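Work through the exercises below with the sequence and the structure at hand. Each task is followed by a solution in steps.

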Amino acid sequence: MDVLQLDVSGRPQAWINVREAATLYASDAVAWTLGPAVMALRGGIQRSSGRQSRIEVHAIVAVRGAVPSRAWRSTPALSNPKLFLRDRQICAYCGGHFGLDDLTREHIVPTSRGGADSWMNCITACKACNGRKGNRMPEEARMSLLYLPYVPSLHEDMILRGRRILSDQMEFLLASVPRNSRLHG
């Protein structure tokens, strides 16, 4: 299980493991949490009281302190797994739904013709359509896009990272995702 780490204002920062979350609790860095505790960790016995230490970890924790600059990136890093999830594993040309092994990152404007390797120039395509389009523009290949590319928001990016997301975490993230996002569907 991963824990969704937020800054104190509620902006997602990272996915952290339970051990990292426990360190935040132990160092009194947790400002607030959302939802019920999802795991209880037990530690050693305290000499003075004879009681065992216990930390209850929540699925969503907000931390005190400065926000790392990477959390404020306006454009999330592009990767094939996140691209394929953004596009719901549907080929932008034929509309077929494919397994991950049958998909490719397709550059609308080919990189050899000056196209950028960016969210706005990349879509998901099956291998057959990608091969058919080749080094041409979609109109040159007489292929039209069934959907348009877009840059995911920070909240969408946290969903696209492919984690096993708990319902509380998904509800929190989706609340800030635009209603027209493909992730709602």
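**Exercise 1.** What percentage of the 185 residues in the chain is buried?

Solution. This is a predicted model, in which local features need pLDDT of at least 70, side-chain atom pairs count only at pLDDT 80 or more, and totals for chains, interfaces and linings use all residues. Residues are numbered from 1 along each chain as its sequence is written, and side-chain values use heavy atoms, with hydrogens and water left out. Buried means under 20% relative accessible area, exposed over 50%, and partly exposed in between, with a 1.4 Å probe and protein chains only. By this rule, 41% of the 185 residues are buried.

**Exercise 2.** Compare the radius of gyration of the chain with the globule rule.

Solution. The radius is taken over C-alpha atoms, and the rule is 2.2 Å times the number of residues to the power 0.38. For 185 residues, a compact globule would come out near 16 Å. The chain itself has 21 Å. Next, take the spans along the principal axes: the C-alpha trace covers about 80 × 30 × 30 Å.

**Exercise 3.** List the secondary structure elements in order.

Solution. Helices (H or I, at least four residues) and strands (E, at least two) are DSSP runs, numbered from the N terminus. Counting gives five helices and six strands. Their order from the N terminus is β-β-α-β-β-α-β-β-α-α-α.

**Exercise 4.** Describe the segment that UniProt lists as "domain: HNH nuclease".

Solution. The unreviewed UniProt entry gives residues 80-131 for this domain; such annotations may be inferred rather than shown by experiment. Over residues 80-131 the chain is 23% helix and 19% strand.

**Exercise 5.** Which loop holds Arg88, and what is its phi?

Solution. Arg88 is not a glycine, yet its phi is positive, about 60°. Arg88 lies in the loop between helix H2 (80-86) and strand E5 (103-107). Its relative accessibility is 39%, so Arg88 counts as partly exposed. Gln89 also has a positive phi, near 60°, and is placed in the loop between H2 and E5.

**Exercise 6.** Over which ring does the charged end of Arg86 sit?

Solution. A charge sits over a ring if NZ of Lys or CZ of Arg is within 6 Å of the ring centre and within 35 degrees of the ring normal. The ring is that of Tyr150, and the charged end of Arg86 is 5.4 Å from its centre.
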